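Please keep the sequence and the structure in view while reading.

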Amino acid sequence: FLRIVEISMNNLLVCSIKPDAAFLFKNVANIKIKISRGGFSLAEIIETARVFEQHSVSQIESISLLVTYNSLDILSEGVFERVPNLQELDLRHNKIGLVDRDAFRGLSRLREVNLLNNKISEICPGTFDSLMRLQKLDLSWNKIDAVHPLLFRELTDLRMLALSINRLRTISEGTFGAALVNLTELYLDNNQIDSLDPSTFSCLLNLEELCLNKNELVALHQDT
């Protein structure tokens, strides 16, 4: 039986899936949709994933959405609510400038978010609070100049965090707090950080890799 559907490198969306083909999807458990330079809206892509999910009689194990090199510019409130089984979300190389505080609402199974190379300058505290299973978060190559100290407060399962190639000058006290006890990789390279408080990384008990290349640091405290 068919268990995995991947429709990468096609123009297949919900309008192309005919009702008499539904039987093909009844045992699908893993759905992966990859759209690059397709020109489709996020709503259309999400609806396509929903069609597969609705026709499957199996328990959906995972949905992956990879929508890169498009012109997405906003992640609105509740935009992904119709795909609660979403586990991987790759939105690299778009034009996203606004991420609503409730954009990821209801995605309790999400494990990976990639927002590399967009136009994000600010993310409100609470945006990631419902993503308790999130393991990888890539915010590199954006325009972020500050990170609120409560932004990552609920990400207790996070293993990798990338903030490379942004405009960070300082790291607020408590930003990398006790919730990030499982973090093993932290990338802060290619920013404008000129100083670090001795306690900045003190809660990161399992940190294995820390990248601070190409900042403006002139000294590090011995307890950092």
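## Aromatic rings

Rings of Phe, Tyr and Trp (its six-membered ring) are taken as a pair if their centres lie within 6.5 Å, and planes under 30 degrees apart count as stacked. The model described here is predicted. By the rule for rings, the count comes to three aromatic pairs. In the pair of Phe80 and Phe104, the ring centres are 6.1 Å apart and the planes stand at 5°, so this pair is stacked. Phe80 lies in the loop between strand 4 (74-75) and strand 5, while Phe104 lies in the loop between strand 6 (98-99) and strand 7, so the pair ties together parts that are 24 residues apart in sequence. Phe80 and Phe104 are both buried. Together with Phe128, Phe80 and Phe104 form one aromatic cluster.

Phe176 and Phe201 are also a stacked pair, because their ring centres are 6.0 Å apart and their planes are at 15°. This pair links distant parts of the chain, 25 residues apart: Phe176 is in the loop between strand 9 (160-162) and strand 10 (185-187), and Phe201 is in the loop between strand 10 and strand 11 (209-211). Phe176 and Phe201 are buried.

## The nonpolar core

Which residues touch the most other members of the largest nonpolar core? They are Leu75, Phe80, Phe104, Phe128, Leu137, Phe152 and Phe176, out of the 53 residues in this core. At least two core residues come from each of strand 2 (30-36), helix 1 (42-55), strand 3 (62-68) and strand 5 (86-90). With four residues, helix 1 gives the most to this core.

Leu75 shows what such a position looks like. Leaving aside neighbours within four places in sequence, Leu75 is in contact with Leu42, Phe80, Leu91, Ile96, Leu98, Val99, Asp100, Ala103, Phe104 and Leu115. Phe80 and Phe104, the stacked pair described above, are thus among the contacts of Leu75.

## Strands 2 and 3

The side chains of strand 2 alternate between two faces. Seven bridges pair strand 2 with strand 3 in the parallel sense. In one of these positions, Ile35 has Val67 of strand 3 as its bridge partner.

Val67 has 0% relative accessibility, so this residue counts as buried. Its C-alpha atom is separated by 5.8 Å from that of Lys34, although Val67 and Lys34 are 33 residues apart along the chain. Not counting residues up to four places away in sequence, Val67 touches Ile35, Ile45, Leu72, Asp90, Leu91, Arg92 and Asn94. Thr68, also found in strand 3, counts as buried because its relative accessibility is 7%. With residues up to four places away again left out, Thr68 touches Ile35, Ser36, Arg37, Asp90, Arg92, His93 and Asn94.

## Strand 5 and its partners

Is strand 5 largely enclosed or open? Four of its five residues are buried, so strand 5 is largely enclosed by the rest of the structure. Strand 3 and strand 5 run parallel and are joined by four bridges. Leu66 has Asp90 of strand 5 as its bridge partner. Strand 5 also runs parallel to strand 7 (residues 112-114), with three bridges between them. Here Leu89 stands opposite Val113 in strand 7.

Asn85 is in the loop between strand 4 and strand 5. At 14% relative accessibility, under the 20% limit, Asn85 counts as buried. Its side chain makes a polar contact of 2.7 Å with the side chain of Arg109.

## Cysteines

How many disulfides does the structure hold? The count is zero. A disulfide is a covalent bond between the sulfur atoms of two cysteines. Cys124 counts as partly exposed because its relative accessibility is 33%. Cys203 counts as partly exposed as well, at 30% relative accessibility.

Note on methods: Residues numbered from 1 in each chain as written. Predicted model: local features only at pLDDT ≥ 70, side-chain atom pairs only at ≥ 80, totals over all residues. Heavy atoms only, no water. Disulfide = S-S within 2.5 Å. Buried < 20%, exposed > 50% of the residue type's maximum accessible area, 1.4 Å probe, protein only. Core = buried A, V, L, I, M, F, W, Y, C linked by side-chain atoms within 4.5 Å. Contact = heavy atoms within 4.5 Å. Pairing = 2+ DSSP bridges. Phe/Tyr/Trp six-rings, centres within 6.5 Å; stacked < 30°, edge-to-face > 60°. Polar contact = N/O pair within 3.5 Å; in protein donor to acceptor, adjacent residues only side chain to side chain.
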